[in-house]
Every structure is written in structure tokens, then in C-alpha cells.
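Subject: Structure handover

Hello,

Here is the structure I promised to pass on. Please open it first, then read my notes below.

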Amino acid sequence: MNVSDPAFPIRQAADRFAPYVPRLQAVFSAMDLAYVEVAGTYRFRCSGCEDNCCRTRFHHHTYLEFFYLHHGWEKLEKQRREILMSRADDVCRAMDALAPGRDTHRRMCPLNVDGLCELYEHRPMICRLHGIPHVLQRPDGRKTTGSGCDAFHRHYGDRSDAVLERTPHYGALAALEQEFRRTVGLADKLKMTVAEMIVRFTFLCITH
Ligand code: SF4
């Protein structure tokens, strides 16, 4: 992806994001609660993991997640933002240098510093749901299931007696995203890693 594309129409939408903050927080709170409940049945704790999922190249697809991460970004001190922007830039360059199709390179998310997420409260949806067995009913009716992450498997094998039902959480985020897009007039599809999101923040003119 060319992250210097100035055509990205986000500035006006950013000005109209504020009313969506509490509503998105409610959606994320429900996710967090559901995750804790299922993880708690296994006593699964996500910490000190060498095979860190923050190295997974997750793509995010909603403007709400983009603007919410930015909402947290604005609260960081200037010096911190500069360091993280440089880390994000490095990750994007490393990814852009890869041959097409070779996207398995596992670079740490630029927001993971010494094992902790710098914008934990503002992290995207998949960062909240990853790691434990789950089920998802897709809009076309197909049901997909997923097992836990490698750390989960090491501790609990193929156990799946408690499963995180992702469907209502995906649905709640998708519905809010649709409303937001209609309100602000954004139609383009979005597919970005956290590193790409951070580099895009420069277009919101608040990185200095
Ligand atoms: S946003 Fe935070 S939780 Fe998500 S991958 Fe990056 S460091 Fe990890």
C-alpha cells in the first residue's frame, strides 16, 4: 500500500467522530466482557507470550477503529508520538519491501513496546478477541470456528468447552460503522494494519 496517498478522505470525517466515541466504547466493553468470561473459564491469561500475537499482521477494516486509535494517539505526548511514528514507518517500509505474496514476515506491531500496548484502551477489535476458541456466523450464513492461539494450545490443547461467540460483536461494530460511514460520507473500503493507520495519522495534522 502506498501510505503517502494524499487522496485518503479522512479529515472531514475526523471532525465528526466525537459522538461515536461513547457508542464505540460500549461495543468494545461488551467484547472485553465476553472475552474475559470465556478466557476465565480456562484461566487463560495473555501475558509474557513469546509467540506474541502483536507480531501477527492483522488487517483492520473499519474507520471507527482507525479514528478510535487516533483518539488515543492524540493523548500521547509529542515525543512519544514521534518515537511511535518512526517505529510505524519502519514497519511499513519493511512490509513494502517484501516481495508480493510474502506477507508472512512477522514484525512486531509498532505500538507494542516492551510487551505492552501503548494504546491498549484504544486497540482495535481483533486485538480484543484473539487467542481463545471462537465461533462466527458470517453474513452469508456460513459458520466458522477458530481455535485458540499457540499459547492457548500449549496450555489447553484442543479444548473448546467454552467458546467466544464473536457474531454479536462483529455485528454491533459493523452496524455502527455503517451508520458512521453514512453520516460522514465515507464509502471506500478500508484495510490497514496498525502500522499503516499510524502513518496515516499524518494526514490528520496532529502529529506535531
Ligand atoms: S494495537 Fe496493541 S494489542 Fe493490537 S497488535 Fe498493536 S500492540 Fe498488540
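Let me start with one contact. Asp161 and Arg159 join their side chains in a salt bridge, at 2.9 Å from N to O. Asp161 is exposed, with 56% relative accessibility. Arg159 is partly exposed, at 36%. Please keep in mind that this is a predicted model.

**Salt bridges**

How many salt bridges does the structure hold? The count is nine. Another of them joins the side chains of Glu179 and Arg23, with 2.8 Å from N to O. This pair links distant parts of the chain. Glu179 sits in helix 7 (residues 167–184) and Arg23 in helix 2 (residues 21–42), 156 residues apart. Glu179 is partly exposed, because its relative accessible area of 26% falls between the 20% and 50% limits. Arg23 is partly exposed too, at 38%.

Helix 2 also holds Asp32. The side chain of Asp32 meets that of Arg123 in a salt bridge of 3.8 Å, N to O. Here 91 residues separate the partners. Arg123 lies in the loop between strand 2 (116–117) and helix 5 (125–129). Is Arg123 buried or exposed? Arg123 is buried, because its relative accessible area of 10% is under 20%. Asp32 is partly exposed, at 25%. A network of salt bridges links Asp32, Arg123 and Arg128.

**Charges over rings**

The charged end of Arg123 sits over the ring of Tyr120, 3.8 Å from its centre. Arg128 lies over the face of Phe28, with 4.0 Å to the ring centre.

**Aromatic pairs**

There are 13 aromatic pairs in the structure. One of them is Phe17 with Phe67: the ring centres are 5.6 Å apart, and the planes meet at 35°, so the pair is tilted. Phe17 lies in the loop between helix 1 (11–15) and helix 2, while Phe67 is in helix 3 (residues 63–73). The pair therefore ties together parts 50 residues apart in sequence. Both residues, Phe17 and Phe67, are buried.

Tyr42 and Phe152 make an edge-to-face pair, with 4.8 Å from centre to centre and 85° between the planes. Tyr42 belongs to helix 2 and Phe152 to helix 6 (residues 150–156), so this pair ties together parts 110 residues apart in sequence. Tyr42 and Phe152 are buried.

Which residues do ring pairs link into a cluster? They are Phe17, Tyr20, Phe66, Phe67, Trp73, Phe180 and Phe201.

Three strands form an open sheet with mixed pairing, in the order 4-3-5. Strand 4 (143–146) and strand 5 (164–165) are the edge strands, and each pairs on one side only. Strand 3 (residues 134–137) runs parallel to strand 5, and two bridges join them. His134 has Leu164 in strand 5 as its bridge partner. Helix 7 packs on this sheet and touches strand 3 and strand 5. The direction of helix 7 makes about 50° with that of strand 3. Helix 7 is also where Glu179 sits, the partner of Arg23 in the salt bridge above.

**Where to look first**

Best wishes

Note on methods: Residues are numbered from 1 along each chain as its sequence is written. This is a predicted model: local features need pLDDT of at least 70, side-chain atom pairs count only at pLDDT 80 or more; totals for chains, interfaces and linings use all residues. Side-chain values use heavy atoms; hydrogens and water are left out. A salt bridge is a side-chain nitrogen of Lys or Arg within 4 Å of a carboxyl oxygen of Asp or Glu. Helices (H or I, at least four residues) and strands (E, at least two) are DSSP runs, numbered from the N terminus. Buried means under 20% relative accessible area, exposed over 50%, partly exposed in between (1.4 Å probe, protein chains only). Two strands pair if DSSP finds at least two bridges between them. Contact means heavy atoms within 4.5 Å. Axes are lines fitted to C-alpha atoms, for helices over the stretch in contact, and angles run from 0 to 180 degrees between N-to-C directions. Rings of Phe, Tyr and Trp (its six-membered ring) pair if their centres lie within 6.5 Å; planes under 30 degrees apart count as stacked, over 60 as edge-to-face and the rest as tilted. A charge sits over a ring if NZ of Lys or CZ of Arg is within 6 Å of the ring centre and within 35 degrees of the ring normal.
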